[in-house]
Amino acid sequence: MSESTLSAGHVRTPLALRFPSVLVFLAVLGLFTLGVTILSEGFGIGAISTSFVKTLGKTLCLCLVALAMDLVWGYCGILSLGHMAFFGLGGYAIGMWLMYERTRLIVVDSLAASELPPTAQEISDGIATQIFGVVGASEFPPVWAFAHSLPIQLAFVVLVPGLLALVFGWLAFRSRVTGVYLSILTQAMTLALSLYLFQNDSGLRGNNGLSGLQNLPGLDAVPQATVSVWFFWGSAFALGAGYVLCAWIVSGKFGSVIRAIRDDEARVRFLGYPVEAFKLFVFTLTAIIAGIAGALYYPQAGIINPTEIAPIASIYLAVWVAIGGRGRLYGAVIGAAFVSLLSTWFTGGQAPDINLGFYRIQWVDWWTVLLGLSFVLVTLFAPKGIGGLVDIIIDRTTPNRHGADLGPDQGALREREADK
Amino acid sequence: MSTLLEVSGVSVSFDGFKAINNLSFQIAERELRAVIGPNGAGKTTFMDIITGKTKPDEGRVNYGDKGVSLLSMSESRIAQAGVGRKFQRPTVFEDQSVADNLMMALKKARGPFSVLTFRPDEDDHAKIVELAEEIGLSGALHRKSGELSHGQKQWLEIGMLLAQEPRLLLVDEPAAGMTPTEREHTTDILREAARTRAVVVVEHDMEFVRRLDCKVTVLHEGSVLAEGSIDHVTQNEKVIDVYLGR
Amino acid sequence: MLNWVRLCVALICLAAPANAQNAEAPIQQVLQEHAEIIAKSSRQTIGPAIDALAASGLPEARLVLAKWQNKEMWQNEETGLFVYAEEVDRDTLRIFDFADSSEIGEVPDDDYDQLKPNSGIRGMIGAALVQFQLTDPDAKMRRQALAAIERDADASHLPALRKAAEAEEHPGLAARMDRLERLLTIRFEEDESTRIAAIESFRGDLGVDVRATLNPLLATRLETASELPDSADVARELDPGSDALSREAAYDLLVSEGINRPRISRADKRAALVANIEDGSVAGVQVATLDSESARDMAYAALAETGVVQPVATEAEVDAAIDSQVFFERYIGAPPEIALAAAAVLQSIENKVTVNQALDLGLDALSLASIYFLAAIGLAITFGVMGVINMAHGEFIMMGAYTGYVVQQIVPDYTLSIILALPLAFAITFGAGVAMERLVIRWLYHRPLETLLATFGISIALQQIAKNIFGTQARPLTSPDWLDGSLVFNDIVAISYIRIAIFVLALLFLAMFLLVMNRTRLGLEVRAVTQNPRMAASMGINPDRINMLTFGFGSGIAGIAGVAIGLYAKVTSEMGADYIVQSFMTVVVGGVGNIWGTLLGATLVGSVQKGIEWLNPSNTLAAQTYMILFIILFIQFRPRGIIALKGRAAEA
């Protein structure tokens with residue numbers, strides 16, 4: 001990593017120069033967005049299907065959450081297995097409004113034909129029955145109190161994951177839970193949350209989740225082909241903005257401090273930095289980014305249910321970032337895009353089966369095995385992930401540090417081990 | 001000279017083993033002090049207590065003009081209050097450049113938000129160049145600190161401590177693993193530092209301590225065995241017993 | 001000619017039984033006395049006949065009742081005498097005399113009418129028969145009779161039961177009869193003091209039958225009056241608007257008692273308004289304005305004034321009506337003294353039930369704790385001894401369980417297959433563990449987060465491989481017969497033998513672990529490597545070998561735990577994932593590096609989970625959620641677990 005705080009001439013340099021990947025990234029993202037728009041059904045020649053535009057849009061959201069994961073794990077050294085939970089919470093927050101508002105329009109529509117004009121209570125009862133009929137309830141649970149208000153639910157996209165991360169992080173960091181303990185604790189948090197949402201009386205429709213999110217209320221006349229491109233633009237913008245934000249954060253002294261925390265937390269403490277506050281800041285900020293990514297993802301996916309929050313999802317997130325290359329922002333983006341698109345390709349049944357004569361390898365079944373094993377291989381043999389290829393291309397020599405590779409939790413730690 | 005740090009009646013034990021036993025210690029401002037003692041005398045634990053890493057079972061640790069207690073403060077608060085510590089093994093952030101390491105150590109607001117919005121100005125850059133010269137790393141400012149030699153890392157760490165502008169500097173075995181010329185340089189740096197602040201050097205090596213030419217405190221089994229000039233303590237019967245063994 | 005012959009035969013047949021049958025026999029006398037109602041066979045009138053037979057004290061009465069109940073009693077059309085018979089063929093009967101059970105002969109069935117009591121009458125006959133069965137010399141019959149009464153008791157059983165209880169000599173049966181007699185006394189006795197005495201005798205009895213008998217005595221009915229009647233059978237006064245009585249229910253009672261006029265539901269009001277829409281308005285109110293309840297109320301009131309609809313009570317009227325009345329519950333199940341006595345005894349029973357439920361919960365918690373301990377012990381070894389996080393530990397548990405399943409497919413004998421499966425599961429998971437240590441983990445020592453990730457990868461792959469081989473549906477792992485059933489302490493406290501077996505297995509593992517660690521060369525070397533690998537290596541211990549064996553050992557135990565867990569739960573490819581988080585919680589809560597910590601952790605996690613389930617019994621999902629929250633909070637206060645290592649060792 002060459003993000004030096006100092007430049008040769010002691011002059012303040014723009015972010016783009018301090019962090020050259022920003023310009024490259026924004027250019028690539030811009031071209032990609034333009035290309036997809038031109039090829040889309042909604043705004044262009046229709047060379048790629050609407051569902052594929054949605055897949056690409058969703059992939060951009062996954063890249064954004066991977067970016068958050070990279071910031072918290074690759075830079076700050078906190079292996080969080082809970083960021084997909086924040087992602088899901090963002091999705092739930094926006095999904096509640098989408099589902100409420102759309103159901104309300106339908107109910108109002110159907111009641112308009114009745115003999116008497118509907119009362120507010122009748123409308124509310126009608127919506128509640130429509131939404132909660134599947135879990136045998138007909139009243140709004142308290143968590144839906146603000147579902148009618150788009151601004152409030154949008155605020156929740158940020159506030160709910162942010163507050164959860166703040167409270168959880170505060171508890172965890174102040175008791176100095178670190179390393180694998182912290183990972184397992186975050187996994188437990190995720191498990192608790194998903195188990196809670198699986199309950200029918202959680203107020204969020206249990207394992208049915210929220211559905212029909214792809215239909216924007218009041219915009220029934222707009223075809224999905226158009227809506228999908230809108231969301232694609234939104235996702236691309238969010239990813240670009242997220243990238244610039246993350247680059248800005250990691251390029252300055254803050255980036256130095258969090259990387260230092262990753263490598264030797266105790267030493268940073270003796271430098272006088274309140275390590276817990278820094279970790280909490282990064283944890284909460286990345287949870288918020290994850291929440292925003294989720295809020296963009298689920299309207300494209302159309303449905304959200306507690307399975308999406310299960311611990312395994314967060315593990316896959318770690319897999320993406322590890323395969324892409326930790327500790328470099330573009331690595332996270334490459335990893336998430338590469339693995340999730342490949343995963344879509346393999347599990348979608350497009351990949352050709354391999355006939356071994358005695359056994360036929362069907363990728364729908366065996367892709368997960370391949371992914372799991374390749375993850376092991378990457379951890380063992382290519383800790384820098386795909387991003388490591390960039391280093392080779394740039395031909396940047398890495399310093400000889402007791403033969404250790406560069407990477408998170410290896411720098412100073414490795415040195416310590418060598419001295420033992 | 002007024003007292004900067006006063007440790008009195010401090011004890012700490014790990015699983016029944018008393019690492020520090022009713023230890024009392026004082027250091028004045030701008031004083032250079034060497035602490036020596038055999039292995040297991042409690043030198044590192046003593047530093048851990050002052051810097052907040054270990055909480056003692058009993059005793060008081062007061063610091064500064066107002067004599068605030070350090071016991072209720074976190075490590076980072078203690079560091080911010082002006083207590084700097086150099087570890088036995090050089091611990092610099094190897095993944096980052098020498099300049100970045102020094103920039104992090106520079107005395108500035110430490111909160112996450114001020115750090116986030118911090119951008120170095122001309123003075124900061126100048127200060128870093130100055131520090132680099134002081135520790136002999138001017139030419140290596142933009143090298144990754146992981147590439148430095150062992151001795152250079154020690155100096156970088158001392159440089160980081162100086163950048164913190166502490167009032168009390170705790171240095172754990174600074175000369176370990178250094179060549180004789182490097183040692184000499186280190187002595188100079190420490191004596192220079194003690195002109196403007198209190199410095200406590202923990203060291204094994206009697207020759208190095210002699211060269212520091214300062215008051216010496218001998219620790220043994222967690223408490224002070226003797227205190228005085230180097231000649232005074234080396235003639236002390238008990239000290240000879242402890243060092244030569246019986 | 002033919003007619004003649006038939007007449008002769010008839011005459012002969014008639015003559016023969018008339019001669020053979022003793023019309024004067026006492027039993028026949030009793031029957032003849034009630035011949036008319038017996039023949040009529042109506043449930044309303046048959047009672048006296050059955051009672052007379054039962055009360056006659058004649059030994060033959062039982063035979064009569066039994067045959068009658070079985071529709072084997074016939075009556076001669078001419079003489080009216082009763083016999084019992086078996087059908088020889090369609091037209092011929094072999095008839096017997098009730099008096100001495102002697103065969104009378106074979107006769108054509110034309111002259112006899114079969115008595116066909118309906119099921120109601122058969123039940124009454126059965127009840128009468130019970131008293132004979134209760135005194136039957138065969139203990140088995142008596143037991144059956146008791147069971148019959150327990151199933152469906154009747155007031156008439158009470159005297160018979162009392163008589164039988166006095167004569168009963170078999171101690172077990174006597175106790176059962178006595179208990180049943182007291183239960184029946186509670187239900188059917190007329191004398192209040194006897195009933196109360198019987199009720200009191202059940203103080204603290206845990207039997208479900210007691211509660212089933214007592215509860216109906218406490219039945220109440222909601223009533224209302226202008227003021228509280230000063231009568232003993234008022235159970236309690238209810239406050240409208242409380243949990244026990246909503247204001248709606250209170251008002252509905254007033255309406256049904258005819259005290260107040262009804263309210264109208266929103267839907268009905270709406271329907272009434274809709275029915276009276278004329279030219280876009282209702283009673284002069286524009287339809288378009290009727291978009292709130294208050295507007296609809298006003299429109300309805302206006303409609304009521306025109307007389308089209310019934311006026312209904314307004315909110316104010318409802319409130320006034322409810323406030324002017326008192327509401328109370330009156331005992332209707334029994335007289336008040338008895339109800340109060342029953343309530344007191346039920347309370348004492350409830351208290352005892354609570355204590356016993358707590359005991360039962362304790363047993364449940366213990367068995368859950370032993371399952372967690374089994375699942376966690378292997379993890380505690382690899383985590384505590386080697387500092388290696390093995391996220392694939394859950395999949396080793398799964399492999400063990402599938403090993404058990406496969407062995408059962410090959411060896412059909414369940415006992416033998418379990419005995420085979422345990423060592424085999426150990427061997428397979430030991431091998432898998434060693435392979436994993438050699439291939440992956442040893443390259444990642446001192447990089448804990450990367451170990452975590454790599455083992456995650458293995459976990460994902462293993463899970464999917466199992467899914468590909470065994471499919472997604474749950475596979476059964478059947479326990480041997482001798483593990484079926486439960487050890488029952490009383491009606492509330494019971495524990496299944498499987499859980500006991502798992503508990504024993506957990507204890508065995510603890511003992512084995514302690515033995516290996518403290519008494520063997522391997523244990524010594526493991527401890528040495530744990531504390532200081534370099535020093536151990538310089539003393540001739542090969543840390544590589546020790547690490548490999550330790551990891552294999554921990555994995556092997558996971559395999560055995562898998563067999564045990566498979567017996568208790570279903571075997572699926574995801575079962576490992578279900579246990580992994582709890583297992584980690586167990587290790588973390590207990591404190592790393594100490595087997596007693598793991599034991600305490602398992603006990604704590606198991607008890608807390610069961611405790612939460614007890615507080616919120618409907619929902620195990622919620623229980624798990626709260627359990628995890630509890631652990632997150634617990635770690636706040638003891639970040640290093642219950643048994644924490646201190647000092648330098650803890651910082652390594």
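How much area is buried between chain B and chain A, and what percentage of it do carbon and sulfur atoms give? I began with this and found about 4100 Å², of which carbon and sulfur atoms give 61%; buried area here is the accessible area (1.4 Å probe) that two parts lose on being put together, summed over both.

**Entry 1: conventions.** I noted that this is a predicted model, in which local features need pLDDT of at least 70 and side-chain atom pairs count only at pLDDT 80 or more, whereas totals for chains, interfaces and linings use all residues. Residues are numbered from 1 along each chain as its sequence is written, chains are lettered from A and ligands numbered from 1 in the order in which they are written, and side-chain values use heavy atoms, with hydrogens and water left out.

**Entry 2: chain B against chain A.** I looked up the contacts (heavy atoms within 4.5 Å) and found 43 residues of chain B touching 42 residues of chain A. For salt bridges (a side-chain nitrogen of Lys or Arg within 4 Å of a carboxyl oxygen of Asp or Glu), the rule finds four across this interface. I looked at Glu75(B) and Arg176(A), whose side chains meet in a salt bridge at 2.9 Å, N to O.

On the side of chain B that touches chain A, helices H2 (75-80), H3 (98-105), H4 (112-117), H5 (122-134) and H6 (150-163) of chain B each supply at least two residues, and the largest share, five residues, comes from H3(B). Helices (H or I, at least four residues) and strands (E, at least two) are DSSP runs, numbered from the N terminus. By class, I recorded 17 nonpolar, 11 polar and 15 charged residues on this side of chain B, with Ala, Val, Leu, Ile, Met, Phe, Trp, Tyr, Cys and Pro as nonpolar, Asp, Glu, Lys and Arg as charged, and the others, Gly among them, as polar.

**Entry 3: chain C against chain A.** Here 52 residues of chain C are in contact with 58 residues of chain A, and the two chains bury about 4900 Å² between them, 72% of it on carbon and sulfur atoms. I found three salt bridges across the interface, and looked at Glu450(C) and Arg326(A), whose side chains pair at 3.2 Å, N to O. Seven residue pairs are in polar contact, both at pLDDT 80 or more. H19(C) gives the largest share of the side of chain C that touches chain A, 14 residues, and the residues of that side divide into 35 nonpolar, nine polar and eight charged.

**Entry 4: H13 of chain C.** I listed the buried residues (under 20% relative accessible area, 1.4 Å probe, protein chains only) of H13(C) as Lys269(C), Arg270(C), Ala272(C), Leu273(C) and Val274(C). Their cover includes helix H5 (120-132) of chain A, together with strand E8 (281-282) and H14 of chain C.

**Entry 5: inside chain A.** I noted 16 helices and four strands in chain A, and buried residues make up 59% of its 420 residues. Among its contacts between residues at least 6 apart in sequence, 74% join residues at least 24 apart.

Terms used. Polar contact = N/O pair within 3.5 Å; in protein donor to acceptor, adjacent residues only side chain to side chain. Buried < 20%, exposed > 50% of the residue type's maximum accessible area, 1.4 Å probe, protein only.
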